[in-house]
Amino acid sequence: MHTRRCVAEEGAIREAADVIRRGGLVAFPTETVYGLGANALDPHAVARIYAAKQRALNDPLIVHVADAGQAETLLDRARLSAAQWGQAQILMRRFWPGPLTLVLWRSSIVPPNVSAGLDTIAVRCPNHRVALALIRASSVPIAAPSANRFGHVSPTTAQHVLDDLDGRIDLVLDDGSTPIGVESTVLDLTTDSPRILRPGGLLREQLEQALGIPLAIGPDRAGEDEPATSPGLLERHYAPRARLIICADEEDLLARYSALCKAGKRTAALLLRRHTQAQATIHPHFVLGDLPEEVARSLYAGLRALDAEAVDAILTVRFDGGGLNEAIADRLRRASAQPTEFARESEH
Ligand code: TXA
Ligand code: MG
């Protein structure tokens, strides 16, 4: 299959919508990362997403909608308590379109493979001109995971999409870099109290303020003999090929750098702008910026760039505190989990 790359203008979006309606695969930008979209109501099209990404079949997809009304058509409202539906409505009104994915009960009109067989469904309304225009023009909800090979970091440019999926999808709509750079926050509203399954672009503090309750982070069934609530949250999910090492601070990073060099390891670093000494010492390096917004926006590009240098190790510093640092720390922790399945898979 030849993958077409089109600048995301009106005509190209109309063409892309035709591809979606015919059961094809279109990668498109959202405010978080690029998604790999297919008609969420067509089980064959959905199956093609798993095949193109080589995604594990037990890892459910997010369905993208143009508004809350379209989301409602995908839900089994009767299974939600009045309180849960009230919370869903508050959050949709306050944060949609935006980087918030809600896990609710799935209606039988949604093919089971969208949700990897679970009876829940993850829905989100993206805050991006191109994504919204594509959903409206195709007049169907669009199932879309991040447009990367399974286990690889998410794409924040059309080139990243092609690096992973060229020849495996029909078309990519190119609209430059995605503004937020880390994925949406996933909130499960089907449990007794809402839980954040994945920290992301919408801050925990904003959700807590809107709901008036503190929120737990992480799947609720950990340790039980059941499938994970959100299998995509497995450790090592965002792993680069090189070993990623998280250091306490710049001083620790420089110390580890010399130890690794002595051991004959080619070592790179993902740095903040203020890490001037490390920038002068370590090559190759990638500067992420200083503010959490800058770091989130450039994190995946930095990991991909340094990984392409075929280094043995990538050093970076720890991100603490709330706000966007929760999502950044989460992605770095997963990327540093060793050994990586991706490292082994990518050798095949
Ligand atoms: O920002 C984003 O969310 C991007 C853009 C493209 O919208 N999408 C994205 O999709 O990150 P993906 O497939 O890479 O991650 C989806 C996450 C996974 O952790 C998956 O396990 C979880 O959402 N998820 C999907 N459906 C679920 C469900 N029914 N229950 C629990 N978790 C679910
Ligand atoms: Mg993903």
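This tour moves through the structure in a series of selections and states what is found at each. The model is a predicted one.

**Stop 1: the sheet of eleven strands**

Begin by displaying the strands of the open sheet whose order is β1-β8-β2-β3-β7-β4-β6-β5-β9-β10-β11. Eleven strands take part, and their pairing is mixed. Next, colour β1 (4–7) and β11 (216–217), which stand at the edges of this sheet. Each has a single partner strand, so one side of each is left without a neighbour in the sheet.

Within this sheet, select strand β5 (residues 100–105) together with strand β9 (residues 185–188); the two run parallel and are joined by four bridges. For one example of such a pairing, show Leu 100, whose bridge partner in β9 is Thr 185.

**Stop 2**

Is Thr 3 buried or exposed? Its relative accessibility is 6%, and residues under 20% are classed as buried, so Thr 3 counts as buried.

Which residues does Thr 3 contact, apart from its neighbours within four places in sequence? They are Leu 162, Leu 165, Asp 166, Gly 167, Arg 168, Ile 169, Asp 170, Leu 171 and Val 172.

Continue to helix α6 (residues 158–165), which is mostly covered, with six of its eight residues buried. Show the side chains of these buried residues: Ala 158, His 160, Val 161, Leu 162, Asp 164 and Leu 165. They pack against β1, β2 (26–29), β3, α2, β8 (171–174) and α10. After α6 comes Gly 167, which has a positive phi, near 85°.

**Stop 3: two helices in contact**

Select helix α4 (residues 82–95) and helix α7 (residues 204–211), whose axes are 10 Å apart. How do these two helices lie relative to each other? They pack at an angle of about 125°, and α4 and α7 are therefore oblique to each other. The crossing of α4 past α7 is right-handed.

Show the side chains on both sides of the contact. From α4 come Gln 87, Ile 90, Leu 91, Arg 94 and Phe 95, which meet Gln 206, Leu 207, Gln 209, Ala 210 and Leu 211 of α7. Of the residues in this contact, six are nonpolar, three are polar and one is charged.

**Stop 4: the sheet of four strands**

Turn to the open sheet with the order β12-β15-β13-β14, in which four strands pair in parallel. Its edge strands, β12 (243–247) and β14 (285–289), each pair on one side only. From one strand to the next, the twist averages 20°.

Select β12 with strand β15 (residues 313–317): five bridges join these parallel strands. Ile 245 can be found opposite Leu 315 in β15.

Helix α10 (residues 292–307) lies across β12, β13, β14 and β15, and runs at about 170° to β14. The helix α10 was already named at the second stop, among the elements against which the buried residues of α6 pack.

Conventions: Residues are numbered from 1 along each chain as its sequence is written. Chains are lettered from A and ligands numbered from 1 in the order in which they are written. This is a predicted model: local features need pLDDT of at least 70, side-chain atom pairs count only at pLDDT 80 or more; totals for chains, interfaces and linings use all residues. Side-chain values use heavy atoms; hydrogens and water are left out. Two strands pair if DSSP finds at least two bridges between them. Axes are lines fitted to C-alpha atoms, for helices over the stretch in contact, and angles run from 0 to 180 degrees between N-to-C directions. Contact means heavy atoms within 4.5 Å. Angles under 35 degrees count as roughly parallel, over 145 as roughly antiparallel, 65 to 115 as roughly perpendicular and the rest as oblique. A crossing is left-handed if the near helix is turned anticlockwise from the far one by less than a right angle, and right-handed if clockwise. Ala, Val, Leu, Ile, Met, Phe, Trp, Tyr, Cys and Pro count as nonpolar, Asp, Glu, Lys and Arg as charged, and the others, Gly among them, as polar. Buried means under 20% relative accessible area, exposed over 50%, partly exposed in between (1.4 Å probe, protein chains only).
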